[in-house]
Amino acid sequence: MANASGFFTHPSISSMRTRTHLPITVSGSGLRVSKRFSKRVLCSSLSSLDNNASPSQYRPPRLVPSGCKLIGSGSAVPSLLISNDDLAKIVDTNDEWIATRTGIRNRRVVSGKDSLVGLAVEAATKALEMAEVSPEDIDLVLMCTSTPDDLFGAAPQIQKALGCTKNPLAYDITAACSGFVLGLVSAACHIRGGGFKNVLVIGADSLSRFVDWTDRGTCILFGDAAGAVVVQACDIEDDGLYSFDVHSDGDGRRHLNASVKESQTDGALSSNGSALGDFPPKQSSYSCIQMNGQEVFRFAVKCVPQSLESALQKAGLPASSIDWLLLHQANQRILDSVATRLQFPPERVISNLANYGNTSAASIPLALDEAVRSGKVKPGHTIATSGFGAGLTWGSAIVRWR
């Protein structure tokens, strides 16, 4: 049966609650346990039970939630760089117009032998090396992307390419620019409620494949990249993922989407006057990105600060305790507006938007990795991060680096 936390427990465990009371509570970041208890797995081996006991008296293994923390990061970008001046050769725009309105000057685009899986594997490899974790020790691979190389997902391909010989679970999370934050939420749930030890969270997108390069309103914004982090189980006292705040509003889909569109039916597959009418179905593909920039801007500057404030409240931390603000890199004006709303010093806002543009699910881990490797983000620093975009979805997390 399901309990209040959303996890399932065996009936025999429920019957034990009158005798065993662990101080476990539900918070915005998932299950938490009192600091008096460690992350050890509490279990009752069947071999230790009375041989005459009935099956209903057997007690299955029971997990006590552990803490989790970020211990490694990595990133990768395509080799092809497209500048604002390059775009000015194909659409009516110029470098000053783009930079003033977005803060973007360059972006990277997948081309030639580049692939999204290849970028994801490169970013993941760097994250594993920094974390000093072997691919064989990975329990779960989460690929946060809305643009996989394969319709059925990319995570298993990444798991294979990394050499994860124990065949750990690997699956995709589709949530566009909010994907990486939701990946962190999922990693925390698997670790705290499922006993996983090492989870690889990858944010990667190749939106260039769905951009109308003749539409100056959208083609100036997007680039391709991959970023990754290793999230590892730890003692609850060392927990580094303090809180989450996540939301969705399907009504906002009309402002940002890339919908399925139908093509003409092949002559060989025509119904030939069949009474079935619409069968066989028409072949389909996805349209280019459609976006109402003004509405997306209004949504972001309203909802993102509210989400961050909620996450801070759940974590029990004041905004003054945050070392860095790391937002999805969508538009410099959004970053500035959110920082102003939260009264956050501009020098503590991480931004690499000028070099890469909006890289969707990759933007947060890409910016984090650059900040870590440059020495800006140091062990022990607390980061308030937020992703927002298509869906519409948005979410925030308060985390500690290492």
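A nonpolar surface patch of about 520 Å² is formed by Leu151, Phe152, Val260 and Tyr286. Patches here are made of residues with over 30% relative accessible area and no salt bridge, with nonpolar side chains (Val, Leu, Ile, Met, Phe, Trp, Tyr) joined within 5 Å and like charges within 9 Å. Areas come from the Shrake-Rupley method with a 1.4 Å probe, and for residues only the protein chains shown count as cover. The model is a predicted one: local features need pLDDT of at least 70, side-chain atom pairs count only at pLDDT 80 or more, and totals for chains, interfaces and linings use all residues. Residues are numbered from 1 along each chain as its sequence is written, and side-chain values use heavy atoms, with hydrogens and water left out.

Helices (H or I, at least four residues) and strands (E, at least two) are DSSP runs, numbered from the N terminus. Phenylalanine 152 is exposed, at a relative accessible area of 78%. The classes are buried (under 20% relative accessible area), exposed (over 50%) and partly exposed (in between), for a 1.4 Å probe and protein chains only.

The loop between β6 and α5 also holds aspartate 149. Aspartate 149 and arginine 209 meet through their side chains in a salt bridge (3.1 Å, N to O). This pair links distant parts of the chain, 60 residues apart, with arginine 209 in the loop between β8 (198–206) and α7. Aspartate 149 is partly exposed at 34% relative accessible area. Arginine 209 is also partly exposed, at 40%. A salt bridge requires a side-chain nitrogen of Lys or Arg within 4 Å of a carboxyl oxygen of Asp or Glu.

The structure holds 10 salt bridges. One of them joins lysine 126 to glutamate 122, with the closest N and O atoms 3.3 Å apart. Both residues lie in helix α4 (residues 116–131), 4 residues apart, about one turn of the helix. Lysine 126 is partly exposed at 30% relative accessibility, and glutamate 122 is partly exposed at 36%. In helix α8, glutamate 295 and arginine 298 are 3 residues apart, so about one helical turn separates them. Their side chains meet in a salt bridge (2.7 Å, N to O). Glutamate 295 is partly exposed, with a relative accessible area of 27%. Arginine 298 is partly exposed, at 46%. Lys69, Asp238 and Arg400 are linked in a network of salt bridges.

Empty space was examined next. Rolling a probe the size of a water molecule over the atoms shows where such space is left. On a 1 Å grid over the protein atoms alone, a cavity is a set of points where a 1.4 Å probe fits but cannot get out; a pocket is an open set with protein on both sides within 12 Å along at least five of seven lines; lining residues have an atom within 4 Å of a point. Grid points are joined across faces, edges and corners, and a volume is the space filled by probe spheres set on the points.

The largest pocket holds about 1200 Å³ of space. It is lined by 49 residues, of which Phe222, Leu256, Ile289, Met291 and Ala390 are the closest to its centre. Elements supplying at least two lining residues each are α3 (95–102), α7 (216–219), β11 (256–257), α8 (293–315), α9 (332–341) and β17 (382–389). Helix α8 gives the most, with 4 residues. By class, the pocket lining has 23 nonpolar, 18 polar and 8 charged residues. Ala, Val, Leu, Ile, Met, Phe, Trp, Tyr, Cys and Pro count as nonpolar, Asp, Glu, Lys and Arg as charged, and the others, Gly among them, as polar.

There are 2 cavities of 30 Å³ or more. The largest cavity contains about 50 Å³. Its lining consists of Leu70, Phe180, Leu184, Leu326, Ile364, Leu368, Ile383, Thr385 and Val399. Two or more of these residues come from each of α6 (179–194), α11 (363–373) and β17. The lining divides into 8 nonpolar, 1 polar and no charged residues. The second largest cavity contains about 40 Å³. Leu308, Leu312, Ala319, Ile322, Leu325, Leu342, Phe344 and Ala384 line this second cavity. Its lining has 8 nonpolar residues, with no polar and no charged ones.

Alanine 361 lies in the loop between α10 (353–356) and α11. Alanine 361 is buried, with a relative accessible area of 1%. Alanine 361 and glycine 183 are 178 residues apart in sequence, and their C-alpha atoms are 9.6 Å apart in space.
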